[in-house]
Amino acid sequence: MRVGGEVVVNREVTEVFSGFADLERSGEYSTPVIERRKLTDGPIRVGTEFQAVDRWPGRKVSFKVEITEFEPNRRMAASWSEPMPGGWEAQFERVAAGTRLRFHATMKPQGVMGLMAPLMKPWAARQTRKFLSNFKNWSEAGAA
């Protein structure tokens, strides 16, 4: 199951990328996020791990997120294995109005969750649209 979208943020690409890459602050704009806590020492890079706590429909889940791609001001991606395997990727591009952020998440529901995937996809698509809108507003308000 893949969902995604894009948004243009009226900020410089360095500001948008920096705000996005600061996963520990993602709860300020992403409603499912309860917590992101960095587990790896040093700056964010490929291999950096975070302890994540999110709200999923009807429950709270805890899992690890690992950065799988990190190219400052251009691209970032991450993966996880629980509560269902998946990951996301984000691309940043300078445009006349600021920065275009393209975001896609992929989830691989298994077992009972796999049977529910057709019902979950519209929910995940709505969450992604809300996430992008909230991130845009948060960034443009100068929080990033």
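Predicted model: local features only at pLDDT ≥ 70, side-chain atom pairs only at ≥ 80, totals over all residues.

Modeller: Let's come in by way of S26, which touches V33 and R36 once you leave out residues up to four places away in sequence. S26 sits in the loop between α1 (13–21) and β2 (33–38). Its relative accessibility is 6%, and since buried means under 20%, S26 counts as buried.

R36 takes us on to the cavity, as R36 is one of the residues nearest the centre of the largest cavity, along with D54, W80, W88 and F103. The largest share, 5 residues, comes from α2. By class, you get 17 nonpolar, 4 polar and 3 charged residues in that lining.

W88 and F103 turn up again in the largest nonpolar core. That core has 34 residues, and the ones touching the most other members are F20, M76, W88, F92, L101, F103 and F135. At least two core residues come from each of β1 (2–9), α1, β3 (49–56), β4 (59–71), β5 (75–80), β6 (86–95), β7 (98–107) and α2 (112–140). Here too α2 gives the largest share, this time 6 residues. As background, nonpolar side chains in soluble globular proteins tend to be buried together.

Leaving out residues up to four places away in sequence, F92 touches V13, V16, F17, F20, N73, R74, R75, M76, T99, R100 and L101. R75 pairs with E69 at 2.4 Å, N to O, and E69 is partly exposed at 31% relative accessible area. R74 meets E71 at 3.1 Å, N to O; R74 counts as exposed at 53%, while E71 is partly exposed at 37%. R100 bridges to E93 at 3.4 Å, N to O, with R100 partly exposed at 22% and E93 partly exposed at 33%. That last pair belongs to a network of salt bridges with shared partners, which joins E6, E93, R100 and R102. Across the whole structure there are 11 salt bridges.

Key. Residues numbered from 1 in each chain as written. Heavy atoms only, no water. Helix = DSSP H or I, 4+ residues; strand = E, 2+ residues; numbered from the N terminus. Buried < 20%, exposed > 50% of the residue type's maximum accessible area, 1.4 Å probe, protein only. Contact = heavy atoms within 4.5 Å. Core = buried A, V, L, I, M, F, W, Y, C linked by side-chain atoms within 4.5 Å. 1 Å grid on protein atoms, 1.4 Å probe; cavity = no way out; pocket = protein on both sides within 12 Å on 5 of 7 lines; lining within 4 Å. Nonpolar A, V, L, I, M, F, W, Y, C, P; charged D, E, K, R; others polar. Salt bridge = Lys/Arg side-chain N within 4 Å of Asp/Glu carboxyl O.
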